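Biologist: I would like to learn how to read helix packing and aromatic pairs in a model. Could we go through the features together?

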Amino acid sequence: MLKVPRMLALKDSPLLIARTFEELKITSTRSTVVCTAKGKRPRYPRVWKTPKRIGTISKAAKLVQSIKELSNVKEEVYGALDTYVAWELEFPLITVKKALKTLEYEREWKRIIQVTKWMLSKGQGKTMGSYFTLLNALAEDDRLDEAEELWTKLLMQYMESLPRRFFDKMISIYRKRGMHEKMFEVFADMEELGLRPNVSVVSMIGDVFKELGMLDKYEKLHSKYPPPKLEYRYIRGKRVRIRKQGQSNQVNNDIEKHNNVEPNSDINEDDISEEDSDVIDDEQFNQDANVTCMEPEQISDESYESMEPVLDV
């Protein structure tokens, strides 16, 4: 026979059930711990103390101060630098770089040469920035032979990957000392390697051509490397490229002045009338006002002309 399951029946009264439930609730609340304070748990102070960490800026300042008090003897400076690095687990390259920047700002060229050569002797910091700092310091300290030796070594070792600023630096060094032939040699190396000179280099080479009376090469130089027609200006916080004014006929004017030289042909700036100056100021103000609506993408980049050697060295 099939067994029919019986229905559960409540044998106890509802009052008894409610009473037992209250007893259980009371007993359960007694076993839990309620924290009345809100937030994080209180922390006890640490027993140990951590030493104060010194940053690279203060380390660099300490290194500069320890070096400046020494004499110019090489062994003494190298010994102080070795003592400074003796307890370091790794070579403090960042600290030394910041110390070099501080010395460069203070124009301590002898110290820059000593620190850079010591760093390179340790096999550290062999970057183009370190070599350029050393080259600049040697030139400023009137050690032209060592600067030329370093330049020749870098040019032979990193011929195709040498940055353009090294060429610009050597041209400016030779320009200050009136060494025109070596200027032309460095400029010819730039053209052979396909490096486009900047405006300052073109102006320096052009000035030398004018001083030597080579107007044909001066005209050829500026026709190959014309001055940029665009320049960057910051207007209302935006970087905008605008067109330059009055530079298209500069080469022709220089050639005409050189060919037609008169003893009393100098023009003073005081001869310009006030009305003409006011008109020029109004035109410049209108141009600046119109440029504010111009975006950088609206003006296309200049197309480089065909590369043709200017100098025959």
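Biologist: At what angle do the axes of helix H7 and helix H8 cross?

Modeller: Axes are lines fitted to C-alpha atoms, for helices over the stretch in contact, and angles run from 0 to 180 degrees between N-to-C directions. Helices are DSSP runs (H or I, at least four residues) numbered from the N terminus. Here the axes of H7 (residues 144-157) and H8 (residues 164-176) come within 12 Å and cross at roughly 150°, and the two helices are therefore roughly antiparallel to each other, a term for angles over 145 degrees. H7 passes H8 in a left-handed crossing, where left-handed says that the near helix is turned anticlockwise from the far one by less than a right angle. This is a predicted model, in which local features need pLDDT of at least 70 and side-chain atom pairs count only at pLDDT 80 or more, while totals for chains, interfaces and linings use all residues. Residues are numbered from 1 along each chain as its sequence is written, and side-chain values use heavy atoms, with hydrogens and water left out.

Biologist: Which residues of H7 meet H8?

Modeller: Contact means heavy atoms within 4.5 Å. On the H7 side these are Leu 144, Glu 148, Trp 151, Leu 154 and Leu 155, which meet Phe 166, Phe 167, Met 170, Ile 173 and Tyr 174 in H8. By class, this contact has nine nonpolar, no polar and one charged residues, where Ala, Val, Leu, Ile, Met, Phe, Trp, Tyr, Cys and Pro count as nonpolar, Asp, Glu, Lys and Arg as charged, and the others, Gly among them, as polar.

Biologist: How do I read the aromatic residues?

Modeller: A pair of aromatic rings is described by the distance of the centres and the angle of the planes. Rings of Phe, Tyr and Trp (its six-membered ring) pair if their centres lie within 6.5 Å, and planes under 30 degrees apart count as stacked, over 60 as edge-to-face and the rest as tilted. The structure holds five aromatic pairs. One of them joins Phe 91 and Trp 118 and is tilted, with 5.5 Å centre to centre and 35° between the planes. This pair links distant parts of the chain, with Phe 91 in the loop between helix H3 and helix H4 and Trp 118 in helix H5, 27 residues apart.

Biologist: Is Trp 118 buried or exposed?

Modeller: Trp 118 is buried, with a relative accessible area of 2%; buried means under 20% relative accessible area (1.4 Å probe, protein chains only).

Methods:
Parallel < 35°, antiparallel > 145°, perpendicular 65-115°, else oblique. Buried < 20%, exposed > 50% of the residue type's maximum accessible area, 1.4 Å probe, protein only.
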